[in-house]
Amino acid sequence: MRYTLRDKNFYSGAIYLILLVWVGIALVFFPFRLYGDVSHYLMVMINEEEFFITHSRPASVLLEWLPLLLIKLNRPMAQVILGITLAEIIYLSTITGFFLWRKKPQLAFFMLFALLIGIRWNFFNPVSELVLAAPMVFFLPDLFQQIWKASNPWYAYLALVLLTLFLVFSHPLLMAILALQAAYCGISQHTNARWYACLMLILVSFVVRWWYMDAYEKAPLQHLSERESWEAILKKFATPEYCFDLAKAYVGVFFLFFVILLFSDVKRLHLFRVLVIGFVLSWVIIVLRQYSFLYPQTFEPFERYMFIIPLGLCLLASQVSFKINHRLIAGFILVIIFHSSTLLSYAQFVKNRYQFLDHALLNIKHTKERKVYIRKANYYPSEELPRIYGHDWILGNESLVRSAMDGPTQTCQVFIKELLDEQHLQRLKGTDFLAYYQDGEDLSKLNPVYFILPSDSWVEANSDGSQMRLSQIKPGEIVGKWDDVEAIQINHERMATVEILNNSGYLFHSGLLDEKLWITMEWVNSQGKNVPDLDVRNPLMIDLHQYLRQRILIRYPIEKGSYQVRLVLKRSSDLYQLPISEYSEVIIE
């Protein structure tokens, strides 16, 4: 494929722009890239000091080699976590450099573009084998080109066999990408003996992969009847809220879809358009049928399976000719800027999520306990919060890894009580840590270089009981502070961090089964009157011993003006409230 000077300048600039964004956000937010399966993979690698290759997926090695090396060198936990990000940067930079060296900037650009427009959650779950193997997909066009042009392409056939097996073993969904590539070559190059040979090699790799699939990978095909009905799916996704939610997430996918249809210069254009439309529609139908039940309670797994669409579109776009003009360049740049800002916004969301965990770990250290479970209603400060992203089932591993960043003797483990049923909860022994989901394992399996946990009994952080002692507290015995701001917009809600010091010598219960205790804000307007309807009842995260730090939801007035606001503890039985901070002025604009 020949490139004009405009093409080269655009691709080069766009490649460096995407790499700059990706590397910058990855390095700044590397301590929070423990989402999803990452902390579980990392825990296994640390404790066993070997690669963790689950479901026979070789792509894991591309990311795990550097953190594993750092583990064997007994480097600090923070460096091991950073190793995950550095390994990813090396991987992507190497492939990008290879394509630029081969003078194929279009392949390098669309490889990076697929990652940018296709993922948010998996940016913070970089161990996903589907995403890890995705850059290798872009070697397919070059291999097919070698097979078509070489007089004796035996080496290209061999490389195709190895690459195909690598892809299908890294993730079964990549079979769809291989089928798409074969179909495209059949349209653009016409079917001949070499095309049939490639098709046979791909089909053989499919059969081999199916033969070696485990129960986990076959499960989606064996439980179709348990999914939502089409009527329920259509009702769910026909709502304006969900349509806007998905449209915002896939701006780049919509853009690229129409660019390919309208600006591509390929042979047999009508057949090519049928292929593109058929691929997108069929995959949307498959994902909706299989995984719509996950949405909207959690967006992430849904996003992961939809990644095949931007990946497939980018693979096709990397092989067709475009009439690059100023409007098209402007469109791509705007999409890159939009998805970069979306990724940055999501990064801040993930960072905020980890504040809940970090506060829980800090609170637990003040109680001298090290193995604690917290009720979900206490862990999240209000039912009025938006949809919670992330996986609470992995919280136990996340807590071990993040607490170990302060040293092995600071290791704590926290999980949400509702994660386990009562039977599993009772089976957890003092000599156990929560290894994965509902499984308890002996503490001796922890790597003492990174994790040191006592064999104490597990403790519930939330007890229930009377809060009558609240009215006996003298001024100054309980003191609170919050990260207030000088000015804020009207009719607004935001999360704030509060700290409470309890010097009364009394324990205050955080449980919500008996008498409740809430953290809330008291607002007074310029006329000295209390402002109604601003009382957000935030439960205590854990029992208040001597110290508590947590996030709370604050609702602001609907009228502009100057207000006095203070932090109070409120008792549910008689709405008695104890001021625990001085008034602060807040200006509502």
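Q: Which residues of α20 are buried?
A: Buried means under 20% relative accessible area, exposed over 50%, and partly exposed in between (1.4 Å probe, protein chains only). Helices (H or I, at least four residues) and strands (E, at least two) are DSSP runs, numbered from the N terminus. The buried residues are Leu395, Gly396, Asn397, Glu398, Ser399, Leu400, Val401, Arg402, Ser403 and Ala404.

Q: What pLDDT do side-chain atom pairs need in this predicted model?
A: Residues are numbered from 1 along each chain as its sequence is written, and side-chain values use heavy atoms, leaving out hydrogens and water. The model is predicted: totals for chains, interfaces and linings use all residues, local features need pLDDT of at least 70, and side-chain atom pairs count only at pLDDT 80 or more.

Q: Which elements do the buried residues of α20 pack against?
A: Contact means heavy atoms within 4.5 Å. The partners are helices and strands: α2 (38–48), α4 (77–101), α18 (326–367), α19 (376–379), β4 (413–416) and β5 (432–436).

Q: Which residue in β4 is the bridge partner of Val372?
A: Strand β3 (residues 371–374) runs parallel to β4, and four bridges join them. The partner of Val372 is Val414.

Q: Are α9 and α10 roughly parallel or antiparallel?
A: Axes are lines fitted to C-alpha atoms over the stretch in contact, and angles run from 0 to 180 degrees between N-to-C directions. The axes of α9 (residues 174–188) and α10 (residues 193–212) come within 10 Å and cross at roughly 170 degrees. Angles under 35 degrees count as roughly parallel, over 145 as roughly antiparallel, 65 to 115 as roughly perpendicular and the rest as oblique. That makes the pair roughly antiparallel.

Q: Which residues touch the most other members of the largest nonpolar core?
A: A nonpolar core is a set of buried Ala, Val, Leu, Ile, Met, Phe, Trp, Tyr and Cys residues joined through side-chain atoms within 4.5 Å. The top three of the 195 residues are Phe109, Phe110 and Phe113.

Q: Where is His55?
A: His55 is not a glycine, yet its phi is positive, about 55 degrees. His55 is partly exposed, at 21% relative accessible area. Its place is the loop between α2 and α3 (61–72).

Technical notes. Two strands pair if DSSP finds at least two bridges between them.
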